[in-house]
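I opened my notebook to look up a few things in this structure. Come along as I go through them one by one.

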Amino acid sequence: MNRTSDEVKVQGPSWDLRSEYPGPDSTELAADLRALDELLDKIEALNPTLVGALPHAPDLDAVAAAPSLAAAQQVFRLSEQAGPLLSNPLTFANCLLSVDAQDEAAQVLQGRLQKYQKRYGELLEPWSEYLDLVSDQIVEAYLADPTVAPSAFIARHGRERRHELLGLAEENLVSGLAQDGIHAWGRMYSQLSSTMTCQVQVGNELETIGMAEAGGLLQKAEERTRKAAWHGINAAWKTHEESCAAAINAIAGWRLELNRKRSKVRAVHFLDAPVHMNRLNRQTLDSLLEVTVEARPLSRRAALAMARATGREKIGPWDMRAPAPQLGPERPIEFPAAMELIADAYAGIDPKLGDFVRMMREKSWIEGTVSSRKRPGAYCTGFEKSRTPRVYMTYQGSTADVITLAHELGHAFHSWVMRDLPDSQRTYGMSLAETASTFGETAVRDALLARAENPQERFRIMWEEMTAITAFMLNIPARFSFEKAFYEKRDERPLRPVELEALMSQAWQEWYGDACAEPDPMFWASKLHFFISGLSFYNFPYLFGYLFSMGVYLRRSTAGPDFFDRYVALLRDTGRMTAEQLARRHLDVALEGPAFWRSTIERLEPRVAAFEAVVESLAR
Ligand SMILES: [Zn+2]
């Protein structure tokens, strides 16, 4: 008897990947890799022309640039052909391994592809350096070619920070030393965090467990378990505080020193790079934070209502990922019913959105089975060759699963409406990546709320929205405040662990105020995001993404009959405009000022008030 299949009550379908390749060792896939090799050989043959031009690239005039310019255009065209031939097998391998991490053939394929990825990246280096170095006149000549013209936005945007460039020899030296410099500190941190253990009080026993397992305990329903895990995790980080302080000081110190060296034309600020990477400007970030400060009383109300719902006055730092308290058994929602519910909710915005959801199911582009071999988590990916999306998750019928499914289908819709655009216009920054997913998720949550039969059901649906509000509008800003204050102080000297703790507690208090029972002093060490050597301030894009997408969603009813068309047009432009340009063109709003953000927060208030009312009615 097959016990596992008996125990599975509700699950989703499995996806169809055969439309891409019959298998990881198929001749079709091998043919793609052969074609990729040939294209990469062609790029390699063009590179000497580009490399030869690099030392005097800034001074090239139109005549002298002619051969290298032609080579750069040709490299771009070849990369546009090569990109999908690399990403298609990569996505295929990744999809197979998500469903079965033990899939031998997929593992072999993934290993083989590493070599191609490395070669592809290295071969495009001279072309990317060339485009950074040449004058505006040469870049415009480069973009004048109709086959290259679609990449105008990313080419021009990439050059906005060229005033920071050092000489070619210095740039090469910096990137060469970075591997054993800044990146070594990042690697040390991830090595440490993946091998560390901590001691957690479970019942009367003190158990030694890995950090990932302890992290899992923070999502348990019982407060006692979460609190014990939080204490155990923090005690473990405390024993490594000197190593962590050395790492965070070195990572920030490296960046600040490099910025000083790059300040030849004008002063380079530590927020310049992260703001640019997210295709935002500094004014937008400042306004966003200003309004989030104003909204603190509202965000704290959400946190306090969550505390009251669990019979407490305040939340604790161990509650950040706490699930909704169980107020009764939850009736599972079968997968077909969930899809109908999502399709109906989407169709409420526009019938075409509902059709899209039904198509995703009919074409078997959703993976939702239950199996112990599957990787945890949910994501949306896509095949570059066919330009078709895929959604991955483990569907077991909970309200949270339905909302996750709606979220990932939002991502899928975003990529679907961009499918006919050139590759160079289809990548967007993190700040805009969650626009369609938050939109879809909120539409479905509202539909679930409308059909909820009792306060218990409404409570469960609203809990997650309150979790989002407190995470995006209290926790994320606290991380930003800490990191900003740290960079300002680090400019003078490295900080001692005790100073880092104080700085984090201060940021925590600044945001949570009376809504939280105590600060989270070791959060500076326990949060991986502060130790990512490749990028800094991995926090404000979350806040931007949340409030921007909520802003779009909450305006749908007042935006007029052409809302859906404008929404699709907005999504299509996410890869070829800054966030500010996008908002001005499609929403008639200016993100640089506080007005858009303020009116979004005003629309969130009734949602917090409704949750407070439900908590109140349940307490009675
Ligand atoms: Zn997402």
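Which kind of site does the zinc ion have, given the angles among its four donor atoms? I found the site irregular, with angles of 51 to 139° among those donors. (Four donors count as tetrahedral if all angles lie between 85 and 135 degrees; four count as square planar and six as octahedral if opposite donors are over 155 degrees apart and all others between 65 and 115; anything else is irregular.)

A note on the source: this is a predicted model, where local features need pLDDT of at least 70 and side-chain atom pairs count only at pLDDT 80 or more, while totals for chains, interfaces and linings use all residues. Residues are numbered from 1 along each chain as its sequence is written, and side-chain values use heavy atoms, with hydrogens and water left out.

**Zinc site**

I listed the donors as His407 (NE2), His411 (NE2), Glu434 (OE) and Glu434 (OE), at 2.1 to 2.7 Å from the zinc ion. (Donors are N, O and S atoms within 2.8 Å of the metal, or 3.2 Å for Na, K and Ca; water is not among the atoms, so sites may look incomplete.) Their spacing in sequence reads H-x3-H-x22-E. His407 sits in helix α18 (residues 399-417) and Glu434 in the loop between α19 (430-433) and α20 (435-451), so this pair ties together parts 27 residues apart in sequence. (Helices are DSSP runs of H or I, at least four residues, numbered from the N terminus.)

**α3 and α6**

Next I looked at helix α3 (residues 62-99) and helix α6 (residues 136-144), which pack at about 45° with axes 10 Å apart. (Axes are lines fitted to C-alpha atoms over the stretch in contact, and angles run from 0 to 180 degrees between N-to-C directions.) The two are therefore oblique; angles under 35 degrees count as roughly parallel, over 145 as roughly antiparallel, 65 to 115 as roughly perpendicular and the rest as oblique. Among the residues in contact (heavy atoms within 4.5 Å) I noted Leu69 and Phe76 of α3 and Ile138 and Tyr142 of α6.

Helix α2 (residues 27-53) packs against helix α4 (residues 104-123) at about 20°, with axes 10 Å apart. That makes α2 roughly parallel to α4. Leu36 and Asp37 are among the α2 residues here, and Arg112 and Tyr116 among those of α4.

α2 also meets helix α5 (residues 125-133): their axes come within 9 Å and cross at roughly 35°. I wrote down Asn47, Leu50, Val51 and Ala53 in α2, facing Pro126, Trp127 and Tyr130 in α5.
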